[in-house]
Every structure is written in structure tokens, then in C-alpha cells.
Amino acid sequence: MSHHPVHYELFSRRTPQASWVLEMASETRNLVMEAAEDMLKGGRSAVRVSKEMYDQDSGEFRSLTVFEKGVTAPAKKLKLAPDTDTICTSPQDLYTPLAREKISRLLEDWLNKQQVTPFELLHRPDLAEKLEASGSDLLHVVQKLAVPESHDTGQDLHNLMRRWTALFDKACTRLIQDGRKNLFPATSPETAVALAARLQAHPERTYILGGAVASALKPHKRPAAKLELLLQFAQAFAGQETCGWALQMIEGPVVEIFASRASLNDVLGQETDLGDSMAVMTRMAAGREVACIADVDPRVARLMPPLDGVLGGYHDLIRDGRLPHLANSISRRLMQELKGPRRLKPGNPDGEIETLRVLALCMTAAGRDDAQREDIKDAFAERSKKLVSADFVDSLLQTAVSPADEADKLIWLCENMVGAANKRQAARWLTQIVGAAKFERYMRESGQGNTRSPAQRLLALAQMQDRVRAAALIDQDSQEISLKLGQIGDRIAGEIKLLAHVVRGNFPPMQKLSMLLSFASGRSAPLGPLSDQAKAEVMRMLRDPQIRSGLSSQPQILATLRPMMQAAGLAA
């Protein structure tokens, strides 16, 4: 082939994942193209024909693909090494918030055993000595860091492990030596401001003050005690304009402690369910918005009472904008819990719905912008999926005392759903209850625990219908449920001959008109056949000159009846 300046090569793949294989080469293009088509018909996954042109100057062939056909595997994305070998290249890099968060995950078991936070580990020489002496714990951290990095970048695993080990050795050695040099002075909330003033111009002021604060935390093991001491430090620094950097340093361990689920229970002094914990966290992170809503909504005031003690102190600092990172950390935690699998109120479905509604009100009000509020809405839609599951609905209806109570609970569920799909599923549950024979039988018949009069049952159906229409269900579901309620109401009225009793009864004309309008407008009975019949009777009465004259001469009665006329679609 080297004697000819141009020739054609045919390649094929037997499977989409297989490599290209050279099948033939020829100077005749048509011959190669026909062979390619035959190979496709013969079962090859893909074929490719390239034109090879010989360059006299370079002595090499230049390739150009002229035909390719068939199914091939998608090209694999190339792995590119990052611009820097790793995020952490020096001991100082381990003190950043991102590095401390990773330390918290990688050393979670060790930190819990020692009852300390990553902040304390990075500022206490005695903890550095313990970790260095543990050997296996540190080796596991190195492996957890090096293995994925090697996989992502293609770098040698053993080189990465040696680099991480050297970095941790440097960090531990530095901290231990600084401790032996007595670099970290003793401090307390009373002397912390003076110490911060002396360190104001020091290049490693945050590191030194952090070591002093970590030493002050050493006698305390419980999260509540640590948070109380850190609050005293934070309040001392918050009162000084020049101590903003010190307050930011204090915020680090506070965020780490609040990130643990056990910390809040320790501060509250009792084991709380997820719903109560989220209520406390929401009050902390969005105290101003919660207070405003609580002034007008008693449910919010009951489920989210004002915070006092340690939690109240942090709430005040967040409200004043002193601890923005803590507020953001709590907000992220709330979003994670909303999307998580844990129940807000295990064993209490009514409380779960109420708590979710209150949280939705407060968290949405606290959203900083439209994008964040949309994220919050999506999180509540995700949480709402759990409330329309068969298990949750069964537990919700277990406490119902009658079919009417079951319908009320499911209407309440519809009212508190977020997301169109969840609304639709809740409506399906409600449709099953309302359309069941036992619901209609309970609403139509007296006895069997139903002591309400027909008028009371009609009013209950009208109220259910109003709530269904206000629940923002899709039109088809809302109409189907309302229609069924209206049909049941018409049957109740027919059994007692309600309209005939009103029309033929010995009532004053204005009273009779008012009663009929209450049925026609859906106030005293559900809209449906009964309301249509009542509306027809009202129209007949309004054609009576005496009735019209009486309304004209009694404007106060007309003013009372006008809203019902408008609701019934009648001109007033």
C-alpha cells in the first residue's frame, strides 16, 4: 500500500463496546464501501471507512473518515487531574471550614469517642498526641482520602497516601510543639476580650485564640456545657467592634456542635422527636419571621414558643446578624431533614400534619429570595410524599371515630399537601372515603353514633364542600368530590322533604326567602341538586311584586340577603 498515495481502510466493531478492528484496505473506494454495507448486514455493530493519504514530505499518512454507520458505545469522559494536587497542602489548610467538615465525617467515630469536635482536635495538643498514637484511626483517614483521589485523578495511590500521611504528621507535630512552647494562654469569657486585643496584630491570632478557647472547653464533655461556655465567649466578643474575627472563630465550634443531633437534646434536657427539633431550629434561624407569624397564628405560637437560656442566647445573636454561618448551617440542616426519611411525629399523624404546616409557613416566610423559597417548596413537596402513603393514611384514619371524621381528616390532609402530585394522591384517598357506601349511609341515617339532625348534617356537608374547594385540588378532583357531597345532601333533603316544608310552611316571606337563599348559596347545605332547586324557588319568589316591594322598603334586610344572592349567582 505504501506505493499508492491514496487508499481506503475498513474498520468494524463486533459489539458497541468492542474496539475498532481493521478488516481490509483497498485503493478502490466502491469496493470498500460495499464491503462495509455487507458487514453491517452480517451482524457487525458498526463500520467505519477512512481515506488514507500519503504525504511525500513527512512520509506519513493523513487519515480522514469518509463513512461511519452503526451503534457504538458512548465515548468515555476523560479524567482530568485537578489544577492542584489536593485541597490541603499545608497544616494551615486543615483549619478551613471545608477541611473541618471533612474531618468531622472521616473521624466521626473517633471524635464521638473522645467527646470532642474537629475544632478541639485541631487546637488541643493532647488530642493530637492521642490521634497520632492511635495509628489505625489515622491510617483509615489517609486511605479514605487517597483512594478516591487516586481514582479520580489517576495519580499513584501510594504516593498520595505518603503525601497525606506527611501532611498529618506535620500538623500534629506543629500543634504538639506549640503546646510545649505554651503558645496557647489560659483564658475565660471575662479575659477573652483583652486577649483578643493583644493578638489583634498577630499573624496567627485565630490559631492562638482557638487554642486558648479549646483549652477552656477541655473540662466540659457534654454539648450543653460547651455551648453555654461558647455563648459566653460569643456574647463577650459581640460587644466589641474590633473582635469580629474572634466572634467568627467562636462560631466554628458552635456550628460543629449544633450539627450533631444529640446536641440539641442535651441542651433541651430531653429526647425530642424530629418535629420538635425542627421547630426549635426554625425558631433559632428565623426568629424574626416566626415571631411575626406567631402574633397572628396561635398554632405557630403554640408549636414554636420563644427560646430562653442557651438557645435563646444564640437565637438573639443570629437575629442580630452576629452568627451568619450558624444560621446558614441550621437552614441546610432543616432542608436535609425535610428530604430525609425520618418521621416528624412518629405515632402522631395529626401532629405531623400540623407541624409540617407550621414549618412550611415559617420557613417560606424566612426565604431570602425567590430561588430559595422555590427550594423550600420543593423540599416540602418531597416531605409531603410521605403523608400520602398508604401507611401514613392508615395511621391517620385509625383515630377517626366515624366516616365523617375520616372525611374531615382527609380534607385536612388535602389542605396541607404541597405539590400537584401529592394533592392528586390525597384527593384519591378522599374520593374513596366520600364515595363509599358507609359514608353516605352515615350521613343520611340517624343512629349508630350519629346524633346530629338532618339540618346539622347538611351544614357539615356544606362545610366539607367549602374546604374541598379551598384546598387547591385540581378541578377534576374538586368537582368529583363536591358533586358527591351535593348528591348526598340532596338525598338527605329529599328524605325529609326540606324544600317543600320551607316553601309551604307558615313562615314570613322574608324569612322564607332567607332560608332558601342559604340553601341556594351553599351556606346551609352543599351545592348541587338541592341548591339548584332552592335557587329556582328564590327566582319564583323574586318575581312576586310584593316580595320585591318588601325588599325595596326594607334596605337592612336586602343588605343582609345580598351576599347570599351574589353567592347563589342571583342579581341583588
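At what angle do H21 and H22 pack, and how far apart are their axes? The angle is about 170 degrees and the axes are 9 Å apart. The model is predicted: local features need pLDDT of at least 70, side-chain atom pairs count only at pLDDT 80 or more, and totals for chains, interfaces and linings use all residues. Residues are numbered from 1 along each chain as its sequence is written, and side-chain values use heavy atoms, with hydrogens and water left out.

**View 1. Packing of helices H21 and H22.** Helices (H or I, at least four residues) and strands (E, at least two) are DSSP runs, numbered from the N terminus. Axes are lines fitted to C-alpha atoms, for helices over the stretch in contact, and angles run from 0 to 180 degrees between N-to-C directions. H21 and H22 are therefore roughly antiparallel (angles under 35 degrees count as roughly parallel, over 145 as roughly antiparallel, 65 to 115 as roughly perpendicular and the rest as oblique). On the H21 side, the contact (heavy atoms within 4.5 Å) is made by Pro403, Glu406, Ala407, Leu410, Ile411, Leu413, Cys414 and Glu415. H22 contributes Lys423, Ala426, Ala427, Trp429, Leu430 and Ile433. These residues divide into eleven nonpolar, no polar and three charged (Ala, Val, Leu, Ile, Met, Phe, Trp, Tyr, Cys and Pro count as nonpolar, Asp, Glu, Lys and Arg as charged, and the others, Gly among them, as polar).

**View 2. Packing of helices H20 and H21.** H20 (residues 390–397) and H21 (residues 403–415) pack at about 135 degrees, with axes 10 Å apart, and are therefore oblique to each other. H20 passes H21 in a right-handed crossing (left-handed if the near helix is turned anticlockwise from the far one by less than a right angle, right-handed if clockwise). Phe392, Val393, Leu396 and Leu397 of H20 meet Glu406, Lys409, Leu410 and Leu413 of H21. Six of the contact residues are nonpolar, none polar and two charged.

**View 3. Helix H19 and its buried residues.** H19 (residues 370–387) has 18 residues and reaches 26 Å from its first C-alpha to its last, close to the 26 Å expected at 1.5 Å a residue (the expected span is 1.5 Å times one less than the number of residues). Ile376, Ala379, Phe380, Ala381, Arg383, Ser384 and Leu387 are its buried residues (buried means under 20% relative accessible area, exposed over 50%, partly exposed in between, with a 1.4 Å probe and protein chains only). They pack against H13 (274–285), H17 (324–339), H18 (349–365), H20, H21 and H22 (420–434).

**View 4. Crossing of helices H6 and H7.** The axes of H6 (residues 136–153) and H7 (residues 157–180) come within 9 Å and cross at roughly 135 degrees, which makes H6 oblique to H7. The contact includes Leu138, Val142 and Leu145 of H6 and Leu160, Trp164 and Phe168 of H7. Its residues divide into twelve nonpolar, three polar and two charged. H6 passes H7 in a right-handed crossing.

**View 5. Loop residues Gln115 and Asn182.** Gln115, in the loop between H3 (108–114) and H4 (118–123), has a positive phi of about 60 degrees although it is not a glycine. Gln115 is partly exposed, with a relative accessible area of 42%. Asn182 lies in the loop between H7 and H8 (192–198); its phi is near 55 degrees. Asn182 is exposed, at 66% relative accessible area.
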